[in-house]
Amino acid sequence: MCERQLRPALMLALLLSLTTATALAADWQPVGERPLVPANADLAYAEGTSQRQSDDQRVVARLAFFHSRAFRLAVVDLESINPETKKLIDAAFRAAGMPAGINGGFFHPDGQPLGLVIADGQRINRLERAKLLSGVLYSDAGGNYLERYAAFRDHAGIDALLQSGPYLVEHGRAVRGLRSAPAARRSFAATDWRGHWLLGATRNSISLADLADCLATAGCLTDWPVERAINLDGGSSTGFFFADGPGGKAVVMPPLKTVRNLLGIVPR
């Protein structure tokens, strides 16, 4: 095949690939009457279910919505608290004064975290360059942030930080090249980059690629468009907590094993 013939063929293949990706994303639809979260809500809980029409694959998730004007991200280092408390994430979240949160970042078998962790301003480990740790989720006096590792600039004044990955959604689109297998429970954070955030955990097993497509589809799990989202340590580490007030009844989905850290929110 000559070069003139090759270029149109490559362009056609690229166009078909983009069309297929768009169709897959549009294939996701919310199931039933999804509870709407008021746009001006500072904190809200919802359960979301979305289904892909082509094969009935579902994402069933517990979701904690919050606004950055009222809450900032915070990290709990479980190695620094009472051994009995760290076994129960609801007790750990309540002890830290956090109304909502999920399990945190990745860690080695000996409990040493992968990548940089900052909890209450205290630094644990260091920034690491790895394909898995492609994003940095953090908060400082200016607000809450989710950035690519390459764009992150370390600085004083960071109260909480987790290095994790992979990125799921970027610039409103599902990241290409994510694994379509295996399926596992997932923990994730997402934002519209305009103050709206959510911390979520799936109750069913799902691939990273499918979760990314679902999050990038408007109206599936959020009432606002997801501009960027990142994966945290899922699988048997997946956990979720939401409490309606300090003494209120809590929604708890405990991890199947003890994790190293937790990601939650505290009032500003």
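## A strand pair to start from

Strand 5 (residues 100-103) and strand 16 (residues 240-243) run antiparallel to each other and pair over three bridges. Strands here are DSSP runs of E with at least two residues, helices are runs of H or I with at least four residues, and both are numbered from the N terminus. Two strands count as a pair if DSSP finds at least two bridges between them. Within this pair, A100 stands opposite F242 in strand 16.

A quick word on the model: it is predicted, so local features need pLDDT of at least 70 and side-chain atom pairs count only at pLDDT 80 or more, while totals for chains, interfaces and linings use all residues. Residues are numbered from 1 along each chain as its sequence is written, and side-chain values use heavy atoms, with hydrogens and water left out.

## The sheet around it

Which order do the five strands of the open sheet take? They follow 4-18-5-16-17, with antiparallel pairing. The edges belong to strand 4 (71-77) and strand 17 (250-253); each has a single partner strand, so one side of each lacks a neighbour in the sheet. On average, neighbouring strands of this sheet are turned by 15 degrees against each other, direction ignored. For such angles, axes are lines fitted to C-alpha atoms (for helices over the stretch in contact), and angles run from 0 to 180 degrees between N-to-C directions.

## An enclosed helix and two cysteines

Helix 3 covers residues 208-216, and eight of its nine residues are buried, so the rest of the structure largely encloses it. Buried means under 20% relative accessible area, exposed means over 50%, and partly exposed is in between (1.4 Å probe, protein chains only). The buried residues of helix 3 are L208, A209, D210, L211, A212, D213, C214 and L215.

C214 has a relative accessibility of 0%, and C220 is buried too, at 1%. How far is the sulfur of C214 from the closest cysteine sulfur? The distance is 4.6 Å, to C220, which is too far for a bond. A disulfide is a pair of cysteine sulfur atoms within 2.5 Å, and by this rule the count comes to zero.

## Backbone details in the loops

Most residues other than glycine have a negative phi, and most peptide bonds are trans. A few places in this model are worth a look with that in mind. G165 and P166 are joined by a cis peptide bond with omega of about 0 degrees; P166 lies in the loop between strand 10 (160-164) and strand 11 (167-170). The bond from A181 to P182 is also cis, with omega near 5 degrees, and P182 is in the loop between strand 12 (173-174) and strand 13 (187-191).

For positive phi, turn to D120, with a value near 55 degrees. D120 sits in the loop between strand 6 (117-119) and strand 7 (122-124) and is exposed, at 70% relative accessibility. W193, likewise not a glycine, has a positive phi of about 65 degrees. Its loop runs between strand 13 and strand 14 (196-202), and W193 is partly exposed, at 34%.

## Rings and charges

The structure holds nine aromatic pairs. Rings of Phe, Tyr and Trp (its six-membered ring) pair if their centres lie within 6.5 Å; planes under 30 degrees apart are stacked, over 60 edge-to-face, and the rest tilted. One of the pairs is Y45 and F240, with centres 5.9 Å apart and planes at 50 degrees, so it is tilted. This pair links distant parts of the chain, as Y45 in strand 2 (residues 43-52) and F240 in strand 16 are 195 residues apart. Y45 is partly exposed, at 25%, whereas F240 is buried, at 0%.

The rings of F66 and W197 have centres 6.3 Å apart and planes at 20 degrees, so this pair is stacked. F66 lies in strand 3 (residues 58-67) and W197 in strand 14, 131 residues apart. F66 is buried, at 2%, and W197 is buried at 2%. Ring pairs link F66, Y138, Y145, F152, W193 and W197 into a cluster.

W193 also has a charge over its ring: R228 lies over the face of W193, at 3.8 Å from the ring centre. The charged end of R148 sits over the ring of Y167, 4.3 Å from its centre. The rule asks for NZ of Lys or CZ of Arg within 6 Å of the ring centre and within 35 degrees of the ring normal.
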